[in-house]
Amino acid sequence: MIHGTGWEVADVAGPPPRGASLLDLLEPGWRRHLSASGLAGTLEVEAAVRDAVARALGDQSRGRSPVEVAQQWPACLVVGLAQVAGASYRNGRFWPGWHRAAGLRATRRSADQWGQAFLEALTVLGIPPPGTGREAVLVQAAVPDACLPDFLRLVAAGTDLSGADPAVAAMLRSGGPAVTAFVGRCRSALHVLTAPDRPADGDQPTADQPLPRRILDAARTVAAEFAGGPARPRVLRLEPFGRGVLVADGRDQAWRSALPHEVAEPLLVFDEGGRQASPVLPAEPVWLVHPADLEVRSDVPPRLMVTSRLPLTWPGWQMAQLDLRGVSWLELATPDGTARRRHRVRGRVKPRLDAGPPVPGVTTAAGAPVHPQVPVVLLPAGAGRWRIEARRPGGGPVLAAVTTTAADWRPDQLWRQVSRPVLGTMTVTVTPADRPVSGAGLRRSVTVAEGLGVAYSPAPRLTGERGLEPAEAVLTAPPGMTVSPLAALIPAESVMIGMTCVTGPVVVPLRVRPPHLRMRIEPEPGSDGKPTAWHHLGPLAISGSDLRRGGALRLDLPGLGWDPPLEVIAAERVVQVLQPTRQGRYPLRRMLDTVNSHRDVSLRITAAGRTAIVAHVRGTADRADPWLPAGASVLGAGTLAGSAPWM
């Protein structure tokens, strides 16, 4: 008995047919199924029959081309190739499985030849081919076995299917009546299987066109998951510093180490607790497990936190922890560079403009930052088309415009239309192209001087008795851009100097401000006091009253990644060293006794191998100290300054 469709059975007397006889026997029934808008993957075909058909097609192709085979047995080629692809699909690939099943040797052109033969078979059957041969095979496969659980979970949850595997995405993109009917039947079957009066195990949900056993078995598994209970069948967990990837095969089974062939997805994502992440990933640190030869791509490079080793049973795979904050999507590149499944990251639902870090110390005349690279538009993952424009501000001409989807968007697309290097202020707008949605777009102005660089000496500028240290600023520009002057000296009494940047007809006046030291006094936490204004022209003057009021000295040292110790100098020697708090503050009351002992002291720091006096402190009589009772001394009752028992 040979099962053709699940509802047609052909009884054959004698030995089972093979080769061309088998193809001739199956061709009429399978042709009727496909002509009735049925997908090849929805046929109930025994594995032995599937393999026999693949072998017969391979044998026939040895004496003729695959296209000629498709012209004689179009239905057998469509069903045989699609069924083998559905069973062997892994990591975006199915052609190796087809060559093995057909008994053929893979060559550089064999996949293209069979893809063309598949398109020819569809044409003979009167079925419009959807795209390339590879895409057509995936459409007719009606969701490969490896993708069924995730596909059915998304269908059962009623969520967007755009984040499904590329094989499923190819089927959904075709949008034909056969695909629509298939998805509807899957949804109906899941609804029946999760209903209180669901059919007993072994019974098939009633429908005009029943689903094949492979889909019903996966649907029952997914329905059981949605019904609740402990560990779901085939659910994965991760022990990043232990046993690696774990799997639970049944509801009451203990976790055991999984093997690579037991996972359907080439990109496994787990949260910090080791639980497998849902189709929408959290915007937080996650663990990624994937083949080492496949690159992980994203709209924004995620921060690599740590790497770990997988067990020896996972050769060729790698594991790393990435921070997904600020990332909109992840995807895994495949060998052919086309089939990708994009995993969305929760949180960002609007477009974002990443202008990158500005040129340090360089602004426009109005004080806006100047960026040395063109801004990058980051689109949220998901369906929908967007229109992206860049134009000069104030209703100026459009420099570039692109209409695209998030899946097809590449950050450099917009700027390919603009002459380089880019100079000047431009307004970037992103709006939905399909329909206007209030608040869903983006509009932002950015000033760019593409390729502009700057170097300062010294950096940062420290204070001296006359003001800031004199400094030199040197600008560098790419070919096609002119800067005047290229170098300039900034005197001690100035903090910035004017320069001009020119590209073609565009002229942008710049303000160049080398990074310099600033100081101020901040009030005690919780008080009603206000911080003083930032000071940079010479050492700060601090009185004894300032010390007694408390608060802290704050230093701003651009480019220095740590807060240096603060030395208290009296009579040209160090009499006290203040370490900063974790917040980078130097509490003033810590030096109160020292100042009252020495009256006049200076505060000195060492940064970048240079020293600088940042403040002069002058002590005063302590009778005005508001924190002490009348007649009490700063050093204690009955104790004179300089005669304390520990001095």
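View 1. F151 is buried, with a relative accessible area of 1%, where buried means under 20% relative accessible area, exposed over 50% and partly exposed in between, for a 1.4 Å probe and protein chains only. F182 likewise counts as buried, at 0% relative accessibility. This is a predicted model, in which local features need pLDDT of at least 70 and side-chain atom pairs count only at pLDDT 80 or more, while totals for chains, interfaces and linings use all residues. Residues are numbered from 1 along each chain as its sequence is written, and side-chain values use heavy atoms, with hydrogens and water left out.

**View 2. Aromatic pairing of W98 with W114.** The structure holds 4 aromatic pairs; rings of Phe, Tyr and Trp (its six-membered ring) pair if their centres lie within 6.5 Å, and planes under 30 degrees apart count as stacked, over 60 as edge-to-face and the rest as tilted. One of them, between W98 and W114, is edge-to-face, with 5.3 Å centre to centre and 70° between the planes. This pair links distant parts of the chain, since W98 lies in helix α5 (residues 95-102) and W114 in helix α6 (residues 110-124), 16 residues apart; helices (H or I, at least four residues) are DSSP runs, numbered from the N terminus. Both W98 and W114 are buried.

**View 3. Aromatic pairing of F151 with F182.** The rings of F151 and F182 are stacked, at 6.3 Å centre to centre and 5° between the planes.

**View 4. A charge over the ring of W329.** The charged end of R342 sits over this ring, 3.6 Å from the centre, a term that requires NZ of Lys or CZ of Arg within 6 Å of the ring centre and within 35 degrees of the ring normal.

Terms used. Helix = DSSP H or I, 4+ residues; strand = E, 2+ residues; numbered from the N terminus.
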